[in-house]
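Thanks for coming. Please have the sequence and the model open.

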Amino acid sequence: MGKETGFLELDRSDRKYGPVEDRIKHYKEFVVPLPESDLRAQASRCMNCGIPYCHNGCPVNNIIPDWNHLTYEGDWKNALEVLHSTNNFPEFTGRICPAPCEAACTLNIVDQAVTIKSIECAIVDRGWQEGWIAPQVPAQRTGKTVAVVGSGPAGMAAAQQLARAGHSVTVFEKNDRIGGLLRYGIPDFKMEKHLINRRAVQMEAEGVQFRTSVEVGVTISVASLKENFDAIVLAGGAEDARKLDIPGAELPGVRLAMEFLTQQNKRNAGDDEMRAAPRGSLFATGKNVVVIGGGDTGSDCVGTSIRQGAKSVTQIEIMPKPPEKEAKALSWPNWPLKLRTSSSHEEGVDRDWAILTKRVVGDNDVRGLECVRVEWVDGAMKEIEGSEFVLEAELILLAMGFVGPKKQGLVEQTGVTLDGRGNVAANVTDYQTSDPKIFACGDMRRGQSLVVWAIREGRQAARAVDEALMGATQLPR
């Protein structure tokens with residue numbers, strides 16, 4: 001597998017970013033791909049481990065050593081076939097997945113993990129370039145109909161798998177374009193949206209029907225879907241954002257991260273301002289911006305604010321600052337807790353940790369954010385006396401995560417049981433809810449998570465639906 005001495009002869013070398021001074025002037029992707037010779041050399045570093053922990057590190061269980069070896073040999077077409085056998089959309093994960101597979105790589109013990117994510121992205125990009133990726137139209141139709149609610153990565157994966165099994169699949173999406181948070185929550189500079197459009201064309205050729213601007217539970221009832229479809233897959237995501245419960249949070253300059261990011265993505269797609277920002281335009285231009293939340297969504301707000309010309313950007317997090325480097329003996333091969341610096345952070349931001357917000361300062365407009373420093377002792381948070389301070393701010397963006405799916409409309413009308421966290425209750429064996437005709441997957445079932453987990457759940461839910469409808473299934477888990 002690979003070159004037996006490759007990991008001894010070569011160090012890790014990964015993709016680079018375009019210069020900061022150039023990339024902050026646009027919203028296009030700025031990752032610089034590795035040349036083919038370098039990619040094949042990096043693939044040769046795969047060690048042929050007795051136990052390839054990268055398999056378990058990857059939520060879709062990508063067969064990573066196999067396509068590394070095929071890449072090393074220059075057999076790109078077969079590498080693509082192996083890659084697609086577990087992942088419907090590797091061009092998505094090859095761009096925005098945090099790569100838990102690399103954290104689990106044996107070579108990560110010495111901080112020299114194989115560049116799995118870059119190789120994955122190169123394989124699928126090569127496949128599109130060469131015309132190897134084509135619709136997989138089923139030889140026979142089953143006559144069964146399935147409604148998929150939500151067109152994010154879970155809904156897209158479920159729909160594609162079900163269509164390939166021969167079912168008639170209709171995807172209902174409340175927004176005007178498909179993709180869910182892939183389209184409207186992830187900035188174009190991380191993933192351009194023509195990648196979603198290209199997959200949609202493939203899926204339509206496979207028999208999937210997309211119905212956009214149709215909100216199930218509002219535009220059309222759940223009862224109507226139950227009457228007209230043999231099965232329903234709930235893949236609507238976790239869109240109920242965590243609120244900021246402090247005085248002044250109701251001021252107009254305190255806004256949800258998703259509203260901010262969605263507006264800019266719609267502008268990038270060519271929408272006029274009325275369509276992009278029906279509640280009023282939201283810009284960081286010339287403002288002191290404070291982003292509350294230290295995760296990926298907060299990082300996306302940082303990069304977008306910088307591109308809009310913010311005066312300053314500050315990102316704060318309530319948890320303590322993670323260590324610069326993880327303790328390998330305690331964490332490997334699991335996903336480690338350590339400080340992560342994104343490309344957006346490198347573009348210019350002040351970051352601070354262990355900060356608790358107390359009050360939004362301002363009358364009619366936001367002028368600042370009153371905060372206090374905290375310390376964490378045995379998992380408990382305690383304010384540090386005398387540490388109060390005020391951050392200057394005209395725009396405060398809330399990127400504090402999500403607490404589950406929105407209940408009004410869709411979820412309420414289904415009447416399905418919810419779990420203790422407010423997600424739709426369904427197990428990972430049959431993905432069936434308390435209503436035997438309704439299945440659930442992705443963030444709507446598991447809570448806020450990664451795109452790669454959504455793809456996994458969409459694929460597995462499709463298998464469960466196929467088996468429920470037909471009594472048996474040939475779809476992979």
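A residue is called buried under 20% relative accessible area, exposed over 50%, and partly exposed in between, with a 1.4 Å probe and protein chains only. By that rule Arg 95 is buried, at 18%.

Some notes on the source. This is a predicted model, where local features need pLDDT of at least 70, side-chain atom pairs count only at pLDDT 80 or more, and totals for chains, interfaces and linings use all residues. Residues are numbered from 1 along each chain as its sequence is written, and side-chain values use heavy atoms, with hydrogens and water left out.

Now the salt bridges, meaning a side-chain nitrogen of Lys or Arg within 4 Å of a carboxyl oxygen of Asp or Glu. The structure has 34 of them.

Arg 95 makes one with Glu 29, at 3.1 Å from N to O. Glu 29 sits in the loop between helix 2 (20–23) and strand 2 (31–32), and Arg 95 in helix 7 (residues 90–96), so this pair ties together parts 66 residues apart in sequence. Helices here are DSSP runs of H or I with at least four residues, strands are runs of E with at least two, and both are numbered from the N terminus. Glu 29 is partly exposed, at 25%.

Glu 130 and Arg 126 also form a salt bridge, again 3.1 Å from N to O. They are 4 residues apart in helix 9 (residues 116–130), which separates them by about one helical turn.

Which residues are linked in a network of salt bridges? Asp 111, Lys 325, Glu 326, Lys 328 and Lys 338 are.

On to the rings. Rings of Phe, Tyr and Trp (its six-membered ring) pair if their centres lie within 6.5 Å; planes under 30 degrees apart are stacked, over 60 edge-to-face, and the rest tilted. There are 5 aromatic pairs. In one of them, Tyr 17 and Phe 30 have ring centres 5.5 Å apart and planes at 75°, so the pair is edge-to-face. Phe 30 is buried at 8%, while Tyr 17 is partly exposed at 42%. Together with Phe 189, Tyr 17 and Phe 30 form one aromatic cluster.

Phe 189 also has a charge over its face: Arg 307, at 3.9 Å from the ring centre. That term requires NZ of Lys or CZ of Arg within 6 Å of the ring centre and within 35 degrees of the ring normal. Lys 266 lies over the face of Tyr 184 at 5.2 Å from the ring centre.
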